[in-house]
Amino acid sequence: MNAHWGAVVVAAGRGSRMGTKESKQYLPLHGKPILVHTLELFQSMDEIADIALVVGADDVERCTRLVQEYTLGKVTAVVAGGSERQHSVHAGIKALSQAAEWVMVHDGVRPLVTRKAIRACCEKAEQSGAAVLAVPVKDTIKQVDDTGLIVSTPDRRSLWAIQTPQAFRRDLLTEAHERAAEELFLGTDDAMVVERTGAPVVIAEGDYTNIKITTPDDLPWAEFLLEKRKREENEQ
Ligand SMILES: Nc1ccn([C@@H]2O[C@H](COP(=O)(O)OP(=O)(O)OP(=O)(O)O)[C@@H](O)[C@H]2O)c(=O)n1
Ligand SMILES: C[C@](O)(CO)[C@H](O)COP(=O)(O)O
């Protein structure tokens with residue numbers, strides 16, 4: 001893995017599907033905010049030189065304090081995000097130090113990603129320019145119309161559930177985001193923004209445990225996975 005990777009960690013969402021008053025990225029997991037678990041993992045990797053943290057406009061001060069409290073020295077910028085995830089990512093890329101020629105984008109609410117998976121994704125990106133973590137879909141997926149009628153059943157062998165981090169050569173990601181902004185294109189991940197430029201984006205196989213904490217039932221699952229991981233680390 002290249003020596004100078006920058007990471008954009010996006011955490012400016014409201015977490016409406018979680019349904020809590022507090023935005024989900026600040027909910028405690030093993031006594032620490034979910035977002036802090038994520039940042040600590042990135043902070044611990046030698047290959048990552050700096051991190052831009054993107055949060056809600058009202059949370060910039062609070063997150064600057066969190067960065068100090070948890071001595072997250074690689075977080076060189078805490079900036080306000082936008083109304084859509086894509087706007088938040090774009091703000092993060094612009095805030096990242098110019099020295100970072102390679103950028104990975106990660107959801108602040110995916111604290112269970114592993115260093116091994118991050119490295120696998122970045123290594124694939126270094127070979128091809130752009131790579132995303134993903135896992136093969138386990139269920140049969142149907143395309144359904146507005147009336148509930150099944151329209152088609154895509155071949156499951158070609159379906160992957162996409163995760164983060166998503167890793168890119170910085171100039172490629174920057175240009176793709178600028179173009180999407182100009183053309184008012186909104187995607188649900190950064191790969192979509194890059195794919196539409198015609199640049200290849202490849203898959204790096206990840207783990208099913210890299211969940212995006214989205215709804216209340218994800219919280220006990222995340223607690224369990226974190227507990228299991230800590231136990232395994234202690235046994236080694
Ligand atoms: N305008 C936004 C929307 C989302 N995100 C971030 O993108 C990641 C993935 O988004 P998701 O899980 O969908 O978060 P929310 O948008 O907060 O959730 P919801 O859709 O339930 O409101 C999260 O870390 C979230 O904080 C962001 O930085 N800016
Ligand atoms: C980027 C992402 O996490 C990949 O699975 C996902 O697309 C984010 O989507 P959401 O609509 O913000 O949940």
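Two residues are taken to be in contact if their C-beta atoms, placed from the backbone, lie within 7 Å. The model is predicted; local features need pLDDT of at least 70, side-chain atom pairs count only at pLDDT 80 or more, and totals for chains, interfaces and linings use all residues. Residues are numbered from 1 along each chain as its sequence is written, while chains are lettered from A and ligands numbered from 1 in the order in which they are written.

Beyond its neighbours within four places in sequence, Val103 contacts Gly6, Val8, Ile93, Leu96, Phe168, Arg170 and Leu173. Val103 and Val8 are among the residues with the most contacts inside the largest nonpolar core, which has 57 residues. Such a core joins buried Ala, Val, Leu, Ile, Met, Phe, Trp, Tyr and Cys residues through C-beta atoms within 7 Å. Buried means 20 or more other C-beta atoms within 10 Å of the residue's own, with C-beta atoms placed from the backbone.

Helix α3 is largely enclosed by the rest of the structure, because eight of its 11 residues are buried. Helices are DSSP runs (H or I, at least four residues), as are strands (E, at least two), numbered from the N terminus. Among the buried residues of α3 are Arg85, Ser88 and Ile93. Its buried residues pack against β1, β4 (48-55), β5 (75-80), β6 (102-107), α5 (170-182) and α6 (190-195).

Ligand 1 is surrounded by 21 residues, the closest being Val10, Ala12, Gly13, Arg17 and Ser88. Two or more residues of this shell come from each of β1 (5-11) and α3 (85-95). Shell residues have a C-beta atom, placed from the backbone, within 6 Å of the ligand. Around ligand 2 stand Arg85, Asp107, Ile162, Gln163, Thr164, Thr188, Asp189 and Lys212. Strand β10 (residues 160-169) gives the largest share, three residues.

Technical notes
Buried ≥ 20, exposed ≤ 12 C-beta atoms within 10 Å, placed from the backbone.
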